[in-house]
Amino acid sequence: MQIYTRTGDKGYTKIIGGIQLAKDSQRIKAYGTIDELNSFVGYAITLIKNNDSLKKELIQIQQYLFDCGNDLATPTGKGTYRVTSALTEWIEKCIDAHAGVPQEVESFILPGGSQAASILHICRTIARRAEREIVTFQWTNDMNEEVLIFVNRLSDYFFSIARVANANEGIEDVLYERSGKVFHMDLKKEDL
Amino acid sequence: MQIYTRTGDKGYTKIIGGIQLAKDSQRIKAYGTIDELNSFVGYAITLIKNNDSLKKELIQIQQYLFDCGNDLATPTGKGTYRVTSALTEWIEKCIDAHAGVPQEVESFILPGGSQAASILHICRTIARRAEREIVTFQWTNDMNEEVLIFVNRLSDYFFSIARVANANEGIEDVLYERSGKVFHMDLKKEDL
Amino acid sequence: MQIYTRTGDKGYTKIIGGIQLAKDSQRIKAYGTIDELNSFVGYAITLIKNNDSLKKELIQIQQYLFDCGNDLATPTGKGTYRVTSALTEWIEKCIDAHAGVPQEVESFILPGGSQAASILHICRTIARRAEREIVTFQWTNDMNEEVLIFVNRLSDYFFSIARVANANEGIEDVLYERSGKVFHMDLKKEDL
Ligand code: B12
Ligand code: B12
Ligand code: B12
Ligand SMILES: C[C@H]1O[C@@H](n2cnc3c(N)ncnc32)[C@H](O)[C@@H]1O
Ligand SMILES: C[C@H]1O[C@@H](n2cnc3c(N)ncnc32)[C@H](O)[C@@H]1O
Ligand SMILES: C[C@H]1O[C@@H](n2cnc3c(N)ncnc32)[C@H](O)[C@@H]1O
Ligand SMILES: [Mg+2]
Ligand SMILES: [Mg+2]
Ligand SMILES: [Mg+2]
């Protein structure tokens, strides 16, 4: 098989259903950034030590990121969406399960620590960049809004497991020295 | 030598030929993203094991990325372009040479595997981000269009060698479970 | 504590002072990119070997990046700025102190070498991407202009220490073959 088709050499490309778009259109930016995030998750997986269940969780997230990409590449009426609220429920359960591991903090923490934790913070911020691209896209386009919700939760998930990765290696997160009390322990699910 | 000149502290900078531009102008975004990609290629090189010819190939690509940057930084009439169709022919030959190594797939693959493969997937997606910036630039500016063609091929090149990197370490690519048959083996050079 | 609050699921969020903004507004892009940069600095720190003073310097930079984020997240009148010209003076002293270590070059160098140097080049280019986002923001918003100056200097700082990282490991930077004489040794502080 020859991977390159030369069809995109003038700045246009196709999406699911065969419609042609400029490569810099907002839809392409949105799923292109999901693809970038997915690649960083792939790298993060290579750095996680002695935690096969976390690796498996991240591979599941890679699968779900393809589901996100699929939905963003599908214009209305040209296919069925794959991201449902079940994915968000799943990832919330993952966050809840990890929440007990690291020590609670009230201050912002410096993104870093172990290699795994550092890359997971990178994933966190790229998930947020992807979210911003999706937000721009959805102002003016019909899309599966479950994708936006899932990607929003995803960045909180990466924050949680970055902290777990450090805790597991006995590394303490370094606090931002001038931080206020930003994480409030009395914010509970019930208040939301 | 003192590296910092303080000349850019107000948001403006200069390009080849001495013309002043805002730092957030599309030309600067285009070659700034090429520079970011080049840095990731530099990191990828550090992770490739037992494959000096692939390392050499990637250093050659770093040189060519500077040629791309040069052409994007050169306004019409202020210099000669460096990127020609010969670069694209060279990279197509590289892709063809690598094509035989990994097993053919028909499904999308999760970007990951070895550390080298993961970073090469990151290079792939950043090349595509750079391509999007160049596409935006060229709608309204005169530029060397060979750069756009080369960068389009570059992302396919990174896909190919990410798969080679895994194959060389005996790592099998994980398929996207819900993928259709997206890579078609009957797409041949002759049909393009 | 529950990290996710679900308040941002529709594409809006809050800044310091409680004002609501779209997540893709330019202010959020600016400090979101600073956060991304900060995460890469976190990763860089994990790769630096036998140089505790450089590690400490980078942790200080992480603290200062939070100060930058704070100021960018603070609309006029809703808080006090934290970035002052003292930060820029500090980082210029750091650059000056590192300047003697590597061999002077007149040509552009390929971003790469050791793993630490490669990631520091990545930090350099992401600092420049952050700078571009801040530049866009400041055209139409009141902001602490010391942040822009500091971030401009920051990319030169990363260039300097990328070269130091290579020099310390005895790695010679590879030159861009077709580079002109771009770094001019007779450019001195006095001429600026
Ligand atoms: C969306 C998309 C992406 C998204 C994936 C989105 C997501 N889920 O996250 C992203 C951006 C990640 C992506 C990346 C890449 N993609 Co892509 N992608 C597409 C696109 C637009 C749709 C694919 C899709 O999911 N279709 C939905 C499927 C299920 O429906 P379908 O296409 O109609 O096919 C069904 C049937 O009709 C039938 N069928 C249709 N046509 C044909 C033809 C033949 C011969 C056969 C037998 C059957 C058949 O088979 C399917 C049933 O299972 C296609 C172009 C297109 N318009 O199809 C390119 C396409 C598949 N991508 C392509 C390429 C090259 C890539 C990349 C390698 C690019 C790169 N350098 O990064 C990467 C690989 C990523 C990876 N990790 O594997 C090429 C493949 C060329 C080839 N030689 O086969 C295509 C065809 C575009 C092109 N013309 O260049 N891609
Ligand atoms: C384009 C550009 C880039 C691009 C490179 C594009 C590419 N090819 O990919 C990118 C974005 C990658 C880049 C990055 C950087 N750059 Co730059 N870049 C430029 C720019 C705009 C043009 C350079 C160029 O290629 N010129 C073409 C050459 C061949 O032509 P020329 O300039 O006219 O020079 C010829 C003659 O006229 C003569 N000449 C001209 N002036 C002088 C002066 C003296 C004293 C002498 C002896 C000779 C001489 O020498 C050349 C013949 O060989 C210059 C600013 C400018 N307008 O010149 C900055 C400039 C060279 N960059 C500079 C800097 C600091 C950097 C970075 C360190 C910034 C950073 N922190 O990331 C990095 C280093 C990257 C690396 N890996 O080495 C500074 C150097 C300051 C200094 N102290 O010397 C400059 C001068 C901008 C500035 N005023 O701050 N850059
Ligand atoms: C700016 C900001 C950021 C910036 C930081 C900017 C910088 N300096 O670089 C960035 C983008 C980096 C960021 C990232 C994150 N953030 Co944030 N961030 C904010 C924001 C907008 C302001 C925080 C701040 O600095 N405030 C200034 C402080 C000092 O003033 P203050 O808020 O008025 O608080 C003072 C008093 O009024 C009092 N106070 C105020 N309210 C309350 C409530 C209670 C119960 C108590 C006891 C006291 C109290 O305490 C402070 C005095 O010390 C808040 C939302 C908001 N509007 O407050 C979210 C917020 C703090 N972030 C939040 C989250 C979740 C995150 C991330 C985990 C998101 C992610 N997934 O990446 C990361 C964590 C990053 C890290 N490394 O730790 C949540 C925390 C939710 C929770 N469960 O506690 C908040 C509340 C937003 C929200 N509603 O979801 N963030
Ligand atoms: C924690 C803080 O981060 C900011 N915030 C929320 N979503 C994003 C995003 N996608 N990118 C960058 N910043 C974001 C808001 O200001 C929030 O309050
Ligand atoms: C494989 C698929 O990726 C999309 N595509 C093509 N070029 C780019 C790019 N620069 N960035 C992101 N996505 C792109 C198109 O939809 C193509 O069909
Ligand atoms: C060294 C060269 O890099 C370019 N330059 C200056 N600032 C930035 C930035 N934030 N991003 C990308 N490129 C930039 C200018 O063209 C300068 O001359
Ligand atoms: Mg959020
Ligand atoms: Mg392409
Ligand atoms: Mg600068």
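1. The shell around ligand 4 is made up of 5 charged, 2 nonpolar and 1 polar residues. This is a predicted model, and the distances below should be read as such.

2. Which residues form that shell around ligand 4? They are Arg128(A), Glu131(A), Arg132(A), Thr13(C), Lys14(C), Lys23(C), Ile28(C) and Tyr31(C). The largest share of the shell, 3 residues, comes from α4(A).

3. Polar contacts to ligand 4 come from both chains. On chain A, a polar side-chain atom of Glu131(A) is 2.5 Å from a nitrogen atom of ligand 4. The side chain of Arg132(A) places an N or O atom 2.9 Å from a nitrogen atom of the ligand. On chain C, the side chain of Tyr31(C) has an N or O atom 2.6 Å from an oxygen atom of ligand 4. Taken alone, ligand 4 exposes 400 Å², and the protein buries 76% of that. The elements giving two or more residues to its shell are α4 of chain A, with β1 (12-14) and α1 of chain C.

4. Ligand 3 is surrounded by 28 residues. The closest are Ile109(A), Arg124(A), Asp156(A), Gln2(C) and Phe66(C). Residues from chains A and C surround ligand 3, so this site is shared between chains. Its shell divides into 13 nonpolar, 8 polar and 7 charged residues.

5. Check the backbone around ligand 3. A backbone N or O atom of Ile109(A) lies 2.7 Å from a nitrogen atom of the ligand. For Phe66(C), a backbone N or O atom is 2.9 Å from a ligand 3 nitrogen. For Ile15(C), the corresponding distance from a backbone N or O atom to a nitrogen of ligand 3 is 3.2 Å. Elements that give two or more residues to this shell are α4 (115-139) and α5 (145-168) of chain A, plus α1 (26-47) and α2 (52-72) of chain C.

6. Now the A–B interface. The contact takes 35 residues from chain A and 48 from chain B. The two chains bury about 3700 Å² between them, 54% of it on carbon and sulfur atoms.

7. How many salt bridges link chain A and chain B? The count is 7. One salt bridge joins the side chains of Asp35(A) and Arg124(B), at 2.9 Å from N to O. On the side of chain A that touches chain B, α1 (26-47) and α2 (52-72) each supply at least two residues. The largest share of that side, 13 residues, comes from α1(A). Its residues divide into 11 nonpolar, 13 polar and 11 charged.

Terms used:
Residues are numbered from 1 along each chain as its sequence is written. Chains are lettered from A and ligands numbered from 1 in the order in which they are written. This is a predicted model: local features need pLDDT of at least 70, side-chain atom pairs count only at pLDDT 80 or more; totals for chains, interfaces and linings use all residues. Side-chain values use heavy atoms; hydrogens and water are left out. A residue is near a molecule or strand if one of its heavy atoms lies within 4 Å of it. A polar contact is a pair of N or O atoms within 3.5 Å; within protein, one must be able to donate a hydrogen and the other to accept it, and residues adjacent in sequence count only if both atoms are side-chain atoms. Helices (H or I, at least four residues) and strands (E, at least two) are DSSP runs, numbered from the N terminus. Ala, Val, Leu, Ile, Met, Phe, Trp, Tyr, Cys and Pro count as nonpolar, Asp, Glu, Lys and Arg as charged, and the others, Gly among them, as polar. Contact means heavy atoms within 4.5 Å. Buried area is the accessible area (1.4 Å probe) that two parts lose on being put together, summed over both. A salt bridge is a side-chain nitrogen of Lys or Arg within 4 Å of a carboxyl oxygen of Asp or Glu. Accessible areas come from the Shrake-Rupley method with a 1.4 Å probe; for residues, only the protein chains shown count as cover.
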